[in-house]
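Please look over the structure below with the following notes beside you.

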Amino acid sequence: MELPANLFGSVAEEGDIYFFTSDCPVGIADHMHVCVKHANKIILLSTCSSKIDTAMRIAMLQGYDMNTFPVFTQTEENKFRKPQTYVNCNKVVELTEEEFGNLVKTCKIHKLSGNIGKIGLSLIAKGINLSPDIEGRIKRLF
C-alpha cells in the first residue's frame, strides 16, 4: 500500500531543516531550507546558506535590513553543516502538504537531523515581517 503524499507533508514541523537536492524543482537546489511555518496545509520554507559575505552584499545592494538575514551558529540543536549559516527571510518557498509530500516521496527533499528551535524561529519571523519582498498574507501568519 502506497502512502498518500499529503501524509508525508503533514509531518513537517516548524523549525525542521530540509535539504533540497540538485534536481528539486522548487527553492534553491543543493541548499538547506528551514520550515518556518506549517499552517492550513501550507508549508513555508526559507533558504539557508553559509555564504555570509553574500548575504551582506545582497543586503547592502538591495537595501535590506540585516535582520532579514539572521545568522545562526552551528549547535547540537540545529545541526547546520557549517559553523555559521544565515537564513534568507526575503524569499519564502510556499508548498501545499501534497506538493511537499510528493517531493519527499520522490527523494527531492530530505529531512536533516536537528531543529532551529523557538528562538531561531522568532528571529526568522522577525526577518520575514521586516522584508519588503514578502507578501502581507504571508506576514500575517507570523
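1. A residue is called buried when its relative accessible area is under 20%, and exposed when that area is over 50%. Please keep in mind throughout that this is a predicted model.

2. The buried residues of helix α4 are G117, G120, L121, I124, A125, G127 and I128. They cover an arc of only 160° around the axis, which puts them on the same side of α4. An α-helix has 3.6 residues a turn, so residues three or four places apart point the same way. On the other side of α4, K118 and I119 are exposed.

3. What lies over that buried side? Among the elements that cover the buried residues of α4 are the strands β2, β3, β4, β5 and β6, together with α5.

4. Turning to the rings, the whole structure holds 4 aromatic pairs. One of them joins Y18 and F100 edge-to-face, with 5.1 Å from centre to centre and 85° between the planes. This pair links distant parts of the chain, since Y18 belongs to strand β1 and F100 to helix α3, 82 residues apart. Both Y18 and F100 are buried.

5. The rings of F69 and Y86 have centres 5.7 Å apart and planes at 65°, so this pair is edge-to-face. F69 lies in the loop between α2 and β4 and Y86 in strand β5, so the pair ties together parts 17 residues apart in sequence.

Conventions. Residues numbered from 1 in each chain as written. Predicted model: local features only at pLDDT ≥ 70, side-chain atom pairs only at ≥ 80, totals over all residues. Heavy atoms only, no water. Buried < 20%, exposed > 50% of the residue type's maximum accessible area, 1.4 Å probe, protein only. Helix = DSSP H or I, 4+ residues; strand = E, 2+ residues; numbered from the N terminus. Arc of directions from axis to C-beta. Contact = heavy atoms within 4.5 Å. Phe/Tyr/Trp six-rings, centres within 6.5 Å; stacked < 30°, edge-to-face > 60°.
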